[in-house]
Amino acid sequence: MMTQCKEIIVSWKELSHCRERFGYHTMKATGIVRRIDDLGRVVIPKEIRRTMRIREGDPLEIYTDREGEVIFKKYSPIGELAAFAAQYAETLHKTCSLSVVICDRDAVIACAGLPKKEYNEQTLSAPLEDIIARRAFYLHRAGEESVPVLARESGEGGRYVRCAMPIISEGDIIGCVASVASGDGEREIAEDVESKLIQTAALFLGRQLES
């Protein structure tokens, strides 16, 4: 009886580990079947790509288990530097009084000067995703429509992106670094200094991913 109890406990621990690692608690059958072609390729249906925000060129991490299941998970290169990114954001905030977010292409990875519970791991707004996709530095100008950081924000009368620079590593877009303004829009430092700090941060993180 004791042996059986131990086996049950071990099995439960293994199940819990799998759930944490692979997200089994959120997995569900789609009813879609795809065949592998002669080159070993399989097409992920458009509906799933759209729902899961998988873009052309996005990296996917592949997991397997002992039951023969193959699991694809979106891979965030900048997520590998989450702790380092958080320290960098905190440094910018403490030394320059900047509110900063560091993101991958889908969500906020780290932030400083902002409520972490409200921002970390939250989905980016479509306008900010467009800025990242353009691969160019963005600077908000007076009179222009405000770009919210998160999908659930409006950007009007609240926090908005003041400047943003995409993080590019080995030619691939990885995410971005952005400074965030409050509703009053007041700057603690000069505009050109803030712009250079954000561009430098994005360039540095991109180089870190290459090394």
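How many salt bridges does a search of the whole structure find? The search finds five, in what is a predicted model. This tour visits some of them, then a surface patch.

Select Lys116 and Glu90. Their side chains form a salt bridge, with the closest N and O atoms 2.8 Å apart. Lys116 belongs to helix 4 (residues 116-119) and Glu90 to helix 3 (residues 82-96), so the contact ties together parts 26 residues apart in sequence. Both ends are partly exposed: Lys116 has a relative accessibility of 41%, and Glu90 one of 23%.

Stay on helix 4 and select Glu118, together with Arg159. Here the closest N and O atoms of the salt bridge are 3.9 Å apart. Arg159 sits in the loop between strand 5 (138-139) and strand 6 (160-169), so its pairing with Glu118 in helix 4 links parts that are 41 residues apart in sequence. Glu118 is partly exposed at 38%, as is Arg159 at 31%.

Next, select Arg141 and Glu191, which meet in a salt bridge at 3.2 Å, N to O. Arg141 is also in the loop between strand 5 and strand 6, while Glu191 is in helix 6 (residues 191-210), so this pair ties together parts 50 residues apart in sequence. Arg141 is partly exposed at 43% relative accessibility; Glu191 is partly exposed at 31%.

Now leave the charged pairs and select Ile36, Val42, Ile62, Val70 and Phe72. These residues make a nonpolar surface patch of about 480 Å². Within the selection, pick out Ile62, which lies in strand 1 (residues 60-64). Ile62 is exposed, with a relative accessible area of 54%.

Definitions and conventions
Residues numbered from 1 in each chain as written. Predicted model: local features only at pLDDT ≥ 70, side-chain atom pairs only at ≥ 80, totals over all residues. Heavy atoms only, no water. Patch = residues over 30% accessible without salt bridge, like charges linked within 9 Å, V, L, I, M, F, W, Y side chains within 5 Å. Areas by Shrake-Rupley, 256 points an atom, 1.4 Å probe, with all protein chains shown as cover. Salt bridge = Lys/Arg side-chain N within 4 Å of Asp/Glu carboxyl O. Helix = DSSP H or I, 4+ residues; strand = E, 2+ residues; numbered from the N terminus. Buried < 20%, exposed > 50% of the residue type's maximum accessible area, 1.4 Å probe, protein only.
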